[in-house]
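Keep the structure open as you read.

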Amino acid sequence: MLNESRIFMPGTRAAKLRAVVGGCLLLALVSILYLGYFCPEHVCALSGSRETSKDPPRLAEPLISGNTLGLGSNSLEQERNNFLPVHPAFKLQSVPGSLGYDDIFLNDSYHFDINANDVMVFLHIQKTGGTLFGKHLVRDLDLQRPCSCQRRRKRCYCFRPNRNENWLFSRYSTGWKCGLHADWTELTSCVDSELNKIEGDVKRRYFYITIIRNPVARYLSEFRHVQRGATWKGARHWCGGAQANVPNCYSGPNWKGVTLEKFMACPNNLASNRQTRMLADLSLVGCYNSSLNSADHDRLMLASAKRNLKHMPFFMLTEYQKVGQYSFEETFGMRFAVAFEQHNATLSAATMATLTPEQLNTVRKLNKLDLELYEFATNLAFQRFRRLKNRDPKFVQRFQHLGELPSRQSVTEFNWDSVIEDTTDVD
């Protein structure tokens, strides 16, 4: 009996071993299937930059952190290695069909093509000089088929050379179809559907552009604009599938004659940090009803605004018109028939000269996010300008003769601080 036990013992152990190994393999297979198909991404993702064919790498990474509240460096690799420890579910959302600066600078096939299905989308932030620039876009570009402007309406038809489809989405071409002074959140969720209503379902590529202005000057310019009677009541503030209810700072039809102290004291005044808010993805912070504490809210807003600004193939600084004109022309391969003029003697400058140190300090505190965004934008704009300049063998001649085209000569004179014409027309 003892010999028989010794004979059959190895077989029994082998069977048990096979059973254990088989169980482990089955468990591993089940785990792989679960992780691959059923586990939520924000729980099981192995890295913060999980990429899919629908989410380009440039927009799929989480928001980053750092000494400058995110995006202090222009190195994409450095950005990918620094994550914002606020909430694991907060990720930048991709914008379908949107092409960024790196796309068009590094790949010739991504250049703006007015003959194809490319659309330039102008994000117009109040009191940055957008009215003047918007007029330049529809009146002064040297195009094969110039925009057709109607004398008694603030509207132009900017169609492609070969068919009646819009290549420009802006106030003076399509009107305020996404709402009065629509922001990044509104535009990116609205532009495609609005153009589909006009032109049918077309697969387009979008190129977002904007203008950034010194925050103190912009804020004071908006104050003077509101003081003269402007309200922007037609703004929708659409976010998260609903229109936000932002309380007014005034009880009557407008805030005409408001003092600077009252203007600064209103907690609901959207003039404060307006540029950051209008460039950020507001869905990241819960739209206009955020439950985040103020530090996390501001951090996310600023990081998102910087990232979206950096993604834009073009933006210009109000204070550097010639640099902006040259950068636009070289980026998009278009030429303006006029030279942009620098309007330094604005009403906001006159207002700034009358401020007390305490008032100026309050304005700066109210716009602390915009001030950091502007510093980031200035560095980035001149970095791009140098990059374009260094690859242009005819830079000196080009820069000295901006707007001088033998084929066309026209002049657009406009001072963006002197006229109130922000209407709510959307037709």
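Over which ring does the charged end of Arg384 sit? The ring is that of Tyr101, with the charged end of Arg384 3.9 Å from its centre. A charge sits over a ring if NZ of Lys or CZ of Arg is within 6 Å of the ring centre and within 35 degrees of the ring normal. Lys322 also meets a ring: its charged end sits over Phe399, 4.5 Å from the ring centre.

Some ground rules come next. This is a predicted model, in which local features need pLDDT of at least 70 and side-chain atom pairs count only at pLDDT 80 or more, while totals for chains, interfaces and linings use all residues. Residues are numbered from 1 along each chain as its sequence is written, and side-chain values use heavy atoms, with hydrogens and water left out.

Start with helix α13, which covers residues 321-332. Helices (H or I, at least four residues) and strands (E, at least two) are DSSP runs, numbered from the N terminus. α13 has 12 residues and reaches 16 Å from its first C-alpha to its last. That is close to the 16 Å expected at 1.5 Å a residue; the expected span is 1.5 Å times one less than the number of residues.

How many of the 12 residues of α13 are buried? The count is 10, so the helix is largely enclosed by the rest of the structure. Buried means under 20% relative accessible area, exposed over 50%, and partly exposed in between (1.4 Å probe, protein chains only). Among the buried residues of α13 are Val323, Tyr326, Phe328 and Phe332. Just after the helix, Gly333 takes a positive phi of about 70°.

Now look at the aromatic rings. A pair of aromatic rings is described by the distance of the centres and the angle of the planes. Rings of Phe, Tyr and Trp (its six-membered ring) pair if their centres lie within 6.5 Å; planes under 30 degrees apart count as stacked, over 60 as edge-to-face and the rest as tilted. By this rule the model has 27 aromatic pairs. One of them joins Phe133 and Phe328: the centres are 6.0 Å apart and the planes at 80°, so the pair is edge-to-face. Phe133 lies in helix α6 and Phe328 in α13, so the contact ties together parts that are 195 residues apart in sequence. Phe328 is buried, with a relative accessible area of 0%. Phe133 counts as buried too, at 3%.

Tyr326 is in α13 and Phe395 in helix α17 (residues 395-400), 69 residues apart. Both Tyr326 and Phe395 are buried. Ring pairs also build a cluster, whose members include Phe112, Phe133, Trp167, Phe207, Phe328 and Phe340.

Turn to the sulfur links. A disulfide is a covalent bond between the sulfur atoms of two cysteines. Here it is called when two cysteine sulfur atoms lie within 2.5 Å, and the count comes to five. Cys147 joins Cys158, S to S 2.1 Å. This link is right-handed, with 115° about the S-S bond. Cys147 sits in the loop between α6 (130-139) and β2 (148-149), and Cys158 in the loop between β3 (156-157) and β4 (159-160). Both cysteines are buried.

Cys149 joins Cys156, S to S 2.0 Å. The torsion about their S-S bond is about 105°, so this disulfide is right-handed. Cys149 is partly exposed at 37% relative accessibility, whereas Cys156 is buried at 5%.

Which hand does the link of Cys178 and Cys190 have? The link is left-handed, with -95° about the S-S bond. Cys178 lies in the loop between β6 (168-169) and α7 (184-188), and Cys190 in the loop between α7 and α8 (191-199), 12 residues apart. Cys178 is buried at 1%, and Cys190 is buried at 7%.

Finish with the backbone. Most residues other than glycine have a negative phi. Lys127 has a positive phi near 60°. Lys127 is in the loop between β1 (118-123) and α6, and is buried at 7% relative accessibility. Asn273 has a positive phi near 55°. Asn273 is placed in the loop between α10 (260-265) and α11 (274-279), and counts as buried at 15%.
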